[in-house]
Amino acid sequence: MPRQIVLASRPTGWPTAANFALTEADQPDLADGQIRVRNLFMSVDPYMRGRMNDAESYVPPFRLDQPLEGGAIGTVIESRSPELTAGDLVLHMLGWRDEAVLPARQARKVAVAAGLSPSAYLGVLGMPTLTAYVGLLDIASLKADDTVFVSGAAGAVGSMAGQIAKLKGAARVIGSAGGDEKVRWLREIGFDVAFNYRAGSVVEQLRAAAPGGIDVYFDNVGSDHLDAALVILNNHGRVAMSGAIAHYNVTEPPVGPSNLGLVITKRLTLRGFIVTDHQHRMPDMIADVSAWLRDGKLSHAETVVDGLEHAPEAFIDLLRGANTGKMIVRL
Ligand SMILES: NC(=O)c1ccc[n+]([C@@H]2O[C@H](COP(=O)([O-])OP(=O)(O)OC[C@H]3O[C@@H](n4cnc5c(N)ncnc54)[C@H](OP(=O)(O)O)[C@@H]3O)[C@@H](O)[C@H]2O)c1
């Protein structure tokens, strides 16, 4: 029988293994227009933590005792749609299960580019890179010669944001991450400076890394990182507010940033965005990223965990920072 991971209980603070359960799934007959997909890879992403709360947001909460959902890629094994046939590789949103049954129109057929794993469509050629691309180019209006600071820089979104900034002409790119190994990797993939936020004050390390200040901040973290960026931003600086992962597991309202008055005195622009509103930019992102990959100008990493039964662990580890690049579960 195919298996699935259901939400057994809603986490309070940090999720634990007890919030998840592995159960057997039904194998319904297909209705007209549906396909059955054997999932090969599934994504775990920080936004899923928000969907585990019983609170309305830009996506509805996950339902208790129902399978979780999220990006996945797999092979069509049965089709009652003229649009797709058995053997097609498709991207869709019914991860967290061995097999998915869904309308063919909710799946996107992909042809895997030479040298890439199908999992690339969950990472370097997928939603995280689109987030980096749109955040930098459309939300923060990156200009050549900007100095850019990216937090969460060794993750899926951050590692792309820093490299795309360089490839689009930024003068200097600074990244922060939670360990010395990640900092070394950031230097290898082209960040001009990187620092370990666990090793000292964020604001002091950022000040040392950016003697001329920063023009753009790509915020994946919020909290102390946003506070520090507001101090170091130059007048008329721009902030793309992508995420606030430091807040996702807190049980008390997060402290700070305590210095929002700087937005006024420095005439800053802070703008939040949700990647799903920017799907029209996917072809531009894919075109740019495919060319950079082909020319060896863009590096990408995946941290791969094996087995559906380990998906909850992979998700919790992602929140704790066990990943470099995109966290992926191979099914
Ligand atoms: N706006 C959108 O549409 C959109 C779309 C996708 C993602 N996002 C956001 O983008 C951010 C990154 O997502 P991702 O998928 O690329 O995940 P990721 O960066 O690959 O993984 C999460 C990383 O967050 C870091 N982290 C965890 N707690 C932290 C803390 N308290 N302070 C600083 N860093 C912390 C960890 O790395 P360290 O080892 O460095 O701590 C961890 O590896 C998240 O905030 C996410 O919500 C937004």
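Is Tyr-217 buried or exposed? Tyr-217 is buried, at a relative accessible area of 0%, where buried means under 20% relative accessible area, exposed over 50% and partly exposed in between (1.4 Å probe, protein chains only). The model is predicted, with local features needing pLDDT of at least 70 and side-chain atom pairs counting only at pLDDT 80 or more, while totals for chains, interfaces and linings use all residues. Residues are numbered from 1 along each chain as its sequence is written, and side-chain values use heavy atoms, leaving out hydrogens and water.

**View 1. Trp-96 and Phe-315 form an edge-to-face pair.** Six aromatic pairs turn up in a search of the whole structure. Rings of Phe, Tyr and Trp (its six-membered ring) pair if their centres lie within 6.5 Å; planes under 30 degrees apart count as stacked, over 60 as edge-to-face and the rest as tilted. Here the centres are 6.3 Å apart and the planes sit at 70 degrees, so the pair is edge-to-face. Both residues are buried.

**View 2. Phe-149 and Tyr-217 form a stacked pair.** Their ring centres are 5.0 Å apart with planes at 15 degrees, so this pair counts as stacked. Phe-149 is buried too, at 0% relative accessibility.

**View 3. Phe-20, Trp-96 and Phe-315 make a cluster.** Ring pairs link these three residues.

**View 4. Arg-320 lies over the face of Trp-14.** Arg-320 is 4.3 Å from the ring centre. A charge sits over a ring if NZ of Lys or CZ of Arg is within 6 Å of the ring centre and within 35 degrees of the ring normal.
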